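Thanks, everyone. I'll keep this brisk. Have a look at the model first, then I'll walk you through the contacts.

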There are 2 protein chains.
Amino acid sequence: MAEIGASEFDTATAMTGSVEEHRVGHFAGELVDGWDIGGNANGGYLLALAVRAMTTASGRPHPITVTAHYLAPGRPGPVTVTTEIVKSGKRFCTVTGSLVGVDGREIIRVLGTFGDVRAGAGEREFVTAEPFHVAPFDECVPRTANSTTVTVGLNDRLDVRIDPSTVAPIEGPRSGEAEFRGWFAFADRRPSDPLALMLAADAFPPAVFHLDLRPGWVPTLEMTVHVRDVAAPGPLRCRFRTRHVTNGLFEEDGEVWDSAGRLVALSRQMALVARAE
Amino acid sequence: MAEIGASEFDTATAMTGSVEEHRVGHFAGELVDGWDIGGNANGGYLLALAVRAMTTASGRPHPITVTAHYLAPGRPGPVTVTTEIVKSGKRFCTVTGSLVGVDGREIIRVLGTFGDVRAGAGEREFVTAEPFHVAPFDECVPRTANSTTVTVGLNDRLDVRIDPSTVAPIEGPRSGEAEFRGWFAFADRRPSDPLALMLAADAFPPAVFHLDLRPGWVPTLEMTVHVRDVAAPGPLRCRFRTRHVTNGLFEEDGEVWDSAGRLVALSRQMALVARAE
């Protein structure tokens, strides 16, 4: 089992740099090949790269709420993250991050607030969400079994399992229920800390693969991840759903729970349906 | 009935300015008294102020997805919005906005993508969301009837009605169901364009007023609004829910539908439970 700090995810998100004068920080790292879908870096991996630098810039332990707008595809090679501290308060620190590729193009712009997600752990809790069923890890099927015709490098880094009842077949009729349920884990069994939740939020195939839409790439415009707790050990229980595909746009809502039955992240994307040629 | 461009909301969000060199824009306006809750400007009003300037800067008709991080309370007086165009693409334009008050303090930082929300109107649609029931407008009760001991200036600007089954009484036991359903309209009956959806997303009392939490102010850390359509005329059907209050944090999820039965906005906030004294 890989440890936090010594895993392929840690290497792939390593960032060197610091905050300099005027609250601006400069960080450098490498967009590592193999965290991709058909050659484009996964959106959760891109967010993790930026958030790792932003977390360092903030001086706080965890991302609490982060939003990325996706501007250009991420290709392997050196990247930089420029950070700006917007406000450094007692409990939280708000930071912007700009991830730029080797060709000078900005890949994502991020706005986030950082802090200690367990700082309010003594407060009274109320949870009315209904839990959702996922078949046991070993009875779920690997993501590779799912609807796609492109090479998913991410499948070698992660061990994402999909509940058999929500698998989208590569051929044949679509179910019409835009939902994936399953488990998220790293292939090397690195524990899922809050940074890993950036990846978990975007590690499943798009739920719209269950709909009879034009096939093809569904680009993410924006993704927001709320970190709600530090996960207990073990695979993360996940559900991703789309309820509204309108005007060529759709949301994908994610819930990520840990093995102790606690919510650890909520995510929402806005994405575009595949374009006509 | 007030018209778009000639209503108190339009006056209260008027912004003078333009984009200058290096993709940076400078706008000036007024944070108008009376759009407040207990003296602090409503979060949706603050977002509308920034988004109005950002929409102009983008050169596009509508906000599509915008995220605000709340940094300081908004008090009446002159404000500025500094915008930066992050990327101007064919279909969308991504812009940042910084709303600063008369004392020089930054009130909110916003990141958003702008475009024509109906550009993909010819695409195939799929909606699996279950509609939610709201009693007819005239059978709903004004927001003023709801749980609060502070003066809500916003109540004079808006005509927010709450379904009787979801009213939170000012005294007595809480229902434990953190949900408000009701209608959003302007008091002067200005139509609700996409800019108005910024306000609709934050116009109801916090859904956590239904829970037996420590009473008091529940500050918003972050709010994201997805604009999904241009609303048909008439009051907007709204639902706001909180399902997880954990670690002193909670989400509030909003859905806003128009009179034609179409989704016009999805919103999500992350907020903090009231602090112990």
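Let's start where the chains meet. Chain B puts 64 residues into the contact, and chain A puts in 64 residues. Bear in mind that this is a predicted model. Together, chain B and chain A bury about 5800 Å². Of that area, 54% is on carbon and sulfur atoms.

Now the symmetry. Two copies of a chain are related by a rotation about an axis and a shift along it. Here, chain B superposes on chain A by a rotation of 180°, with 0.0 Å of shift along the axis. The RMSD is 0.0 Å. That is the relation of a two-fold axis. Both copies use the same surface: of the contact residues of chain B, 100% recur in chain A.

On to charges. How many salt bridges cross the interface of chain B and chain A? The rule finds 10. I'll show you two between the chains.

One of them pairs A:R228 with B:E251. Their closest N and O atoms are 2.9 Å apart. Where do the partners sit? A:R228 is in the loop between β13 (220-227) and β14 (236-241) of chain A, and B:E251 is in strand β16 (residues 249-257) of chain B, so this pair joins two chains. Buried or exposed? A:R228 is buried, with 0% relative accessible area. B:E251 is buried too, at 1%.

The other pairs A:R214 with B:E123. There the N to O distance is 3.3 Å.

Step back to the whole structure. Over all chains, the search finds 36 salt bridges. Take one inside chain B. B:D229 bridges to B:R262, with closest N and O atoms 2.6 Å apart. This pair links distant parts of the chain. B:D229 is in the loop between β13 and β14 of chain B. B:R262 is in the loop between β16 and β17 (263-272). They are 33 residues apart. B:D229 is buried, at 2% relative accessible area, while B:R262 is partly exposed, at 27%.

Over in chain A, there is a network. Salt bridges with shared partners join A:R118, A:E125, A:D229 and A:R262.

One more in chain A. The side chains of A:R181 and A:E179 form a salt bridge, 2.8 Å from N to O. Why do we call both ends buried? The cut-off is under 20% relative accessible area. A:R181 comes in at 16%, so it counts as buried. A:E179 comes in at 15%, so it does as well.

Next, the rings. The whole structure has 12 aromatic pairs over all chains. Among them is B:F9 with B:F186, a tilted pair. The centres are 5.0 Å apart, with 40° between the planes. B:F9 is buried, at 0% relative accessibility. B:F186 is buried as well, at 1%.

A second tilted pair in chain B is B:F204 with B:F240. Centre to centre, that's 5.2 Å, and the planes are 40° apart. B:F204 lies in the loop between α4 and β13 (220-227), and B:F240 in strand β14 (residues 236-241), so the pair ties together parts 36 residues apart in sequence. B:F204 is buried, with a relative accessible area of 5%. B:F240 is buried, with 1%.

Which residues make up the ring cluster in chain A? Ring pairs link A:F9, A:W35, A:Y45, A:F184 and A:F186.

Last topic: cysteines. A disulfide is a covalent bond between the sulfur atoms of two cysteines. How many disulfides are there over all chains? The count is 0. Take A:C238. The cut-off is 2.5 Å. A:C238 is buried, at 0% relative accessible area. B:C93 is another buried cysteine, also at 0% relative accessibility.

Conventions
Residues are numbered from 1 along each chain as its sequence is written. Chains are lettered from A and ligands numbered from 1 in the order in which they are written. This is a predicted model: local features need pLDDT of at least 70, side-chain atom pairs count only at pLDDT 80 or more; totals for chains, interfaces and linings use all residues. Side-chain values use heavy atoms; hydrogens and water are left out. Rings of Phe, Tyr and Trp (its six-membered ring) pair if their centres lie within 6.5 Å; planes under 30 degrees apart count as stacked, over 60 as edge-to-face and the rest as tilted. Buried means under 20% relative accessible area, exposed over 50%, partly exposed in between (1.4 Å probe, protein chains only). Helices (H or I, at least four residues) and strands (E, at least two) are DSSP runs, numbered from the N terminus. A salt bridge is a side-chain nitrogen of Lys or Arg within 4 Å of a carboxyl oxygen of Asp or Glu. Copies are superposed by least squares on the C-alpha atoms of residues with pLDDT of at least 70 in both. Contact means heavy atoms within 4.5 Å. Buried area is the accessible area (1.4 Å probe) that two parts lose on being put together, summed over both.
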